[in-house]
Amino acid sequence: MIKAGSKVLALIVGALVIPLSLIGCTESEGSGGRTEIVEIENTAQVFGRQGEAVTVKRHYMILNPPKDLTELKELVEGYSKDHPIDGEIEATPGRNRVFDVSFYRESEDLPRGWQPDEGYLNTDRLEHHKNDLVASVSWSDVDPKKNYDLYEKSKKGKIVKRMRFIEDQLVE
């Protein structure tokens, strides 16, 4: 009778401990559940032909992004203000600059520390990870108003909800 009781107790404890430990594993390890933005190394781009606009692209990963799209916009907006890229490329007379900043969520397909792979038989580039894109900001010298596109996505990357802002104005 005592053996049966201890087996039941062990099953109950196991039923509680295992799910709780798995919940702890779903949080991003290094961030401890905090929202954090890190640049995805080796993905920055600056390009443009002579006489055309110069495009500057930066790519970041948001660890534990907020679910609320308004909060996500505030996070991205604050990060952009604290880490401006406008000064990286000087404006040249007659050439406009276009800025495009993308923010991705961490996932199984796009883990923290991910790097592009240009292997002969296997390539893995950021454009293969659009399912994890949760926010983008774009602007230019011609139109300095920042355009924010924000996405709530399912685990498989399907857009559940989308919001678009021009500066602080919500656009339908």
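Mentor: Happy to! Let's begin with strand E8 (residues 147-153) and strand E9 (residues 159-166), which run antiparallel and are joined by seven bridges. Keep in mind as we go that this is a predicted model. To see one of the pairings for yourself, find glutamate 152, whose bridge partner in E9 is lysine 161. Between the two strands of this hairpin lie five residues, and there glycine 157 takes a positive phi near 95°.

Now stay on E9 and look at valine 160, which is found in that strand. Is valine 160 buried or exposed? Its relative accessible area is 55%, and the cut-off for exposed is over 50%, so valine 160 is exposed. Not counting residues up to four places away in sequence, valine 160 touches Glu152, Lys153 and Ser154.

Follow E9 onward and you reach another pairing. Three bridges join E9 to strand E10 (residues 169-171), and these two strands also run antiparallel. Here isoleucine 166 stands opposite glutamine 169 in E10. The hairpin that E9 and E10 form has two residues between the strands, and glutamate 167 in the turn has a positive phi of about 55°.

Rolling a probe the size of a water molecule over the atoms shows where empty space is left. How many cavities of 30 Å³ or more are there? The count comes to one. The largest cavity has a volume of about 50 Å³. Its lining is made up of Tyr60, Tyr79, Ser80, His83, Pro84, Ile85, Asp86, Val101, Trp139 and Lys146. Sorted by class, that lining has six nonpolar, two polar and two charged residues.

One of those lining residues, Ser80, deserves a visit of its own. Serine 80 sits in helix H2 (residues 69-82). Its relative accessibility is 9%, and buried means under 20%, so serine 80 counts as buried. Leaving aside neighbours within four places in sequence, serine 80 is in contact with Phe103, Val137 and Lys146.

Next comes an open space, the second largest pocket, with a volume of about 270 Å³. It is lined by 17 residues, and the closest to its centre are Gln45, His59, Tyr104, Leu126 and Glu127. Strand E3 (54-63), strand E4 (97-105) and E7 each supply at least two residues of this lining. Which of the elements gives the largest share? That is E4, with three residues. By class, the pocket lining has five nonpolar, six polar and six charged residues.

Tyr104, one of the residues closest to the pocket centre, leads us to our last stop. Histidine 129 is in contact with Tyr104, as well as with Asp109, Leu110, Trp114 and Asp124, when neighbours within four places in sequence are left aside. You will find histidine 129 in the loop between strand E6 (123-124) and strand E7 (133-140). With a relative accessibility of 6%, under the 20% cut-off, histidine 129 counts as buried.

Methods
Residues numbered from 1 in each chain as written. Predicted model: local features only at pLDDT ≥ 70, side-chain atom pairs only at ≥ 80, totals over all residues. Heavy atoms only, no water. Helix = DSSP H or I, 4+ residues; strand = E, 2+ residues; numbered from the N terminus. Buried < 20%, exposed > 50% of the residue type's maximum accessible area, 1.4 Å probe, protein only. Contact = heavy atoms within 4.5 Å. 1 Å grid on protein atoms, 1.4 Å probe; cavity = no way out; pocket = protein on both sides within 12 Å on 5 of 7 lines; lining within 4 Å. Points joined across faces, edges and corners; volume = space filled by probe spheres on them. Nonpolar A, V, L, I, M, F, W, Y, C, P; charged D, E, K, R; others polar. Pairing = 2+ DSSP bridges.
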